[in-house]
Amino acid sequence: MNHDAFMREALALADAAAAAGEVPVGALVVVDGAVVGRGRNQPVAAHDPTAHAEVMALREAGARLGNYRLTGATLYVTVEPCLMCVGALVHARVGRLVYGATEPRAGAIESTLRVHEHPALNRLLVVSGVLAPECGERMQRFFAARR
């Protein structure tokens, strides 16, 4: 499966987040090859600590499909998800997670935790490193400008 095209669309959402002064993370939910949910980080503007790109994409997908269960969906995100977002993916029953750059401080797939491997949780297939240099560069550029 070629994940690059979907990750490039997620990168465009990350760019929109950065332009709005948010941490540059973008996400898409894809079902049967069609995008059903898009999200970008917006916790600052929304005054909502849960308004991560992944959660926003899941919310849109659930509303569009009329179901919180997104069985068989793939979530594309530019950066390794945090604990909250991995939990949301598991509860939504997303089948596959595809992400770009690792997140050494808060990533809950490989960097700090491996939450998706807990035996009590629904299985989540993971593909990492898709367009990782481009995804990581956006994060580095954003935080370098803040320092």
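**Close-up views of a predicted model**

**View 1. Cys135 is a buried cysteine.** Cys135 has a relative accessibility of 1%, so it counts as buried. The model shown in this and the following views is predicted. The closest cysteine sulfur to that of Cys135 belongs to Cys85. The two sulfurs are 15 Å apart, which is too far for a bond.

**View 2. Cys82 forms no disulfide.** The structure contains zero disulfides. For Cys82, the nearest cysteine sulfur is that of Cys85, 3.8 Å away. A disulfide needs the sulfurs within 2.5 Å, so Cys82 is in none. Cys82 is also buried, at 17% relative accessibility.

**View 3. Strand S4 is largely enclosed.** S4 spans residues 96–101. Five of its six residues are buried, so the rest of the structure largely encloses this strand. S4 pairs with strand S3 (residues 74–79) in the parallel sense, over five bridges. The chain runs from S3 through helix H4 (residues 83–92) to S4. This β-α-β crossover is right-handed.

**View 4. Leu97 has bridge partners in two strands.** Leu97 of S4 is the bridge partner of Leu75. In strand S5, Leu97 has Val126 as its bridge partner. S5 covers residues 125–127. Its pairing with S4 is parallel and comprises three bridges.

**View 5. The largest nonpolar core has 25 residues.** Val29, Leu58, Leu70, Leu75, Val94 and Leu97 have the most contacts inside this core. At least two of its residues come from each of strand S1 (26–31), helix H3 (53–65), S3, H4 and S4. In soluble globular proteins, nonpolar side chains tend to be buried together.

**View 6. Val29 and its contacts beyond four places in sequence.** Ala34, Val35, Val36 and Gly37 are among the residues that Val29 touches. Its contacts also include Ala57, Leu58 and Ala61. Leu70, Ala73, Thr74 and Leu75 are in contact with Val29 as well.

**View 7. His3 is buried ahead of helix H1.** His3 sits in the segment before H1 (4–19). Its relative accessible area is 11%, so His3 counts as buried. Leaving aside neighbours within four places in sequence, His3 is in contact with Tyr76, Arg96, Val98, Val127 and Val130.

Technical notes: Residues numbered from 1 in each chain as written. Predicted model: local features only at pLDDT ≥ 70, side-chain atom pairs only at ≥ 80, totals over all residues. Heavy atoms only, no water. Buried < 20%, exposed > 50% of the residue type's maximum accessible area, 1.4 Å probe, protein only. Helix = DSSP H or I, 4+ residues; strand = E, 2+ residues; numbered from the N terminus. Pairing = 2+ DSSP bridges. Right-handed = clockwise from strand over helix to strand, strands pointing away. Core = buried A, V, L, I, M, F, W, Y, C linked by side-chain atoms within 4.5 Å. Contact = heavy atoms within 4.5 Å.
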